Amino acid sequence: MTVPDGLKRRDFLMKLGLLFNGIVAAILTVPIVRYIMSPVAHARAGRYDSWLSLGKLEQFPAGQTRLAVYRNPVASPWDGDTADIPCWVRNVNGQQFQVFAINCAHLGCPVRWFPQSSLFMCPCHGGVYYQDGSRASGPPERGLFQYHHRLESGELFIKAGEVPTPGSASNLTSITSELPRCV
Amino acid sequence: MRLIKTIGGWLDDRLQVGATLRETAEHPVPRETASWFYVFGSAALVVFMLQIVTGILLALIYVPSAGEAWNSLQTLNHSVALGWFIRALHGWGSEFMVAIVLIHMVQVILFGAYKYPRELTWMVGVLLLLVTLGMAFTGQVLRFDQDAYWGLGIGASIASRVPVLGPQIVNLMLGGPIIAGATLSRFFALHVFAIPGLLIAFVAVHLLMVVKLGINEWPMPGRVVRKATYLKEYHELTKKDGIPFVPLAVWKDLFFGGFILLAIAACAFYFGPFGPSGRPDPTIIQTAPRPDFFFLWLYAVLSLLPPSMETPALLVGPVVALLALFLLPFIFGEGEKSWRRRPIAVLSILLVAVSLGTFTHLSGYTPWSPVMDAWSSTPIPPQYLRNRSALERQGALVFQVKQCHNCHALDNQGGKRGPALDNVAVLLTRDQLIRQVIQGGGNMPAYGKNLSPAETTALVAFLETLRPAGQPAAQDASRAVALAPDRGAPSTQP
């Protein structure tokens with residue numbers, strides 16, 4: 001559209017107005033994006049994981065694998081039951097421990113422990129793991145996720161706080177099989 | 001009547017939309033399009049309106065808080081008058097909406113309606129399919145029960161596989177480190193504000209183009225779409241053989257839309273609302289989470305893909321599928337519209353339909369999952385224990401106690417993860433059975449560490465009895481030769 005000569009100034013002012021609104025939008029974008037990205041920024045700063053007690057060692061008899069529950073360190077009052085996270089504690093021989101995430105390394109369903117056959121089985125897609133957490137069969141590409149742990153003054157501590165997923169398990173130790181595998 | 005007319009006239013003097021609306025309503029459409037095949041688009045719109053109304057009604061009671069959502073659903077189901085019925089309407093409405101959108105899409109492909117000049121209408125339609133599925137998934141999350149909780153875990157696990165950005169996407173999706181209050185709040189915001197907003201905007205654009213470009217004419221074999229001539233031909237067709245959409249074509253849409261609403265109400269009344277299943281308490285691990293009907297096929301695919309294929313298929317598959325849908329009208333924008341002349345289109349739809357149907361069917365009995373309680377709830381069929389030795393019966397006990405039954409069926413009872421063992425003695429020799437039990441392989445865990453030699457002996461003795469009457473047990477041919485008395489004897493023949 002051509003603008004008559006006498007009205008050039010108004011046309012310029014409209015363009016200036018558009019530019020002004022563009023600048024204001026850009027300024028407002030910064031806080032909005034930071035607001036949306038705050039869960040990511042927290043993860044970057046490493047504020048999710050912390051050392052938590054799973055309780056006295058006597059709860060975990062030698063040679064057995066037991067379910068333990070901890071309250072997630074990052075929780076809101078309205079989280080309800082969802083902040084209570086279960087995990088599997090294996091007392092290997094009284095001295096050595098392994099703490100596995102409840103989540104299957106395939107797609108995160110809750111694995112169940114079968115002491116009779118010493119296997120973890122997943123109800124969703126059929127993943128199976130040995131007692132040491134290594135992959136036995138099914139769709140998982142790896143063994144169970146394992147939390148870092150330490151023993152202190154008769155209690156078992158694990159480093160936890162974030163749901164383990166196949167892509168974000170770098171902070172968890174990986175498991176190599178105890179068994180020599182025949183291919 | 002006169003009063004209504006006066007008020008209407010008063011309003012239209014100010015609104016100035018009456019003439020436009022009348023013109024739109026009475027625009028001519030080709031006579032054959034006043035058909036029962038052309039009612040699915042409007043039916044989807046009708047169901048969407050039902051979803052808006054029932055959704056607002058549910059929001060009067062529902063509490064989008066991880067700690068309270070499940071309780072508020074129980075209140076809706078049991079304490080609020082007809083709360084169960086409104087929940088059921090919304091739930092069944094969502095199932096019907098996805099189904100109708102899919103049927104509409106199939107009709108559009110079979111009738112070549114995505115071809116020139118309706119490419120953009122089709123592409124907005126693909127976006128509508130995406131937001132409809134987005135509504136279905138986020139809605140399933142708002143029914144905050146065990147299935148929703150672990151379904152979110154599956155979503156997070158899939159998202160985490162995106163290279164480099166995976167963990168960040170998971171945090172963004174969950175709104176924090178775990179599935180909790182923040183997760184439900186953001187899915188509530190998506191389901192109630194963001195996605196419906198998009199849906200309404202896309203529906204408006206979609207409808208505007210349907211009206212502006214005209215409804216697709218009935219495809220006739222031999223009537224070929226060419227960009228140079230199509231618009232002229234279409235206008236001639238509507239001029240020569242057109243009827244006004246209102247009232248001569250719309251009555252079928254009205255009847256079908258009403259019928260669908262009745263069908264939803266009937267399903268809601270007879271089958272009731274969906275769930276909620278157990279409390280969303282992650283410490284209750286005795287659960288086998290399942291997605292809603294329209295995601296069951298994906299559940300099956302995720303179980304059946306080989307591990308190495310999974311991440312590429314999950315990340316590349318959707319992109320390829322979407323790209324194919326978006327490019328469809330550009331690659332096949334001209335030519336025949338009639339499905340009688342387009343065998344590849346028909347076969348492609350059949351292939352997709354049969355695949356989705358097969359996967360959905362498989363997810364009904366999940367042959368890939370161990371039956372978690374088969375070892376304690378499914379006894380060994382008595383005919384497999386009759387006239388057996390003490391050792392063989394001891395082996396049957398090992399079979400149960402070591403959860404073999406969770407993966408292996410006997411007489412069609414038990415898991416289907418591994419092969420049924422009714423005739424295993426016909427297929428494997430004693431030595432092969434021992435090797436398989438101890439070392440595993442072929443997707444079976446190795447039991448070497450979990451069975452004592454005595455248990456292995458008993459188990460294999462039991463397995464050796466598993467063969468149908470009249471069929472010989474498997475034999476090692478080389479062993480027979482090796483143990484034959486005349487082996488190595490010089491030939492006596494001249």
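Biologist: What percentage of the contacts in chain B with a separation of 6 or more come from residues 24 or more positions apart?

Modeller: Two residues are in contact if their C-beta atoms, placed from the backbone, lie within 7 Å. In chain B, residues 24 or more positions apart account for 78% of the contacts with a separation of 6 or more. This is a predicted model, in which local features need pLDDT of at least 70 and side-chain atom pairs count only at pLDDT 80 or more, while totals for chains, interfaces and linings use all residues. Residues are numbered from 1 along each chain as its sequence is written, and chains are lettered from A and ligands numbered from 1 in the order in which they are written.

Biologist: How many helices and strands does chain B have?

Modeller: Helices (H or I, at least four residues) and strands (E, at least two) are DSSP runs, numbered from the N terminus. Chain B has 21 helices and four strands. Its radius of gyration, taken over C-alpha atoms, is 31 Å.

Biologist: Into which domains is chain B divided?

Modeller: Domain bounds come from an automatic or database domain assignment. For chain B they give domain 1 (22-362) and domain 2 (374-481), whose centres, taken over C-alpha atoms, are separated by 47 Å.

Biologist: How many residues does each chain give to the contact?

Modeller: Chain A gives 51 residues and chain B gives 57 residues. Among the elements of chain A that give two or more residues to this side are α2 (38-44) and β3 (84-91).

Key: The radius of gyration is taken over C-alpha atoms; the globule rule is 2.2 Å times the number of residues to the power 0.38.
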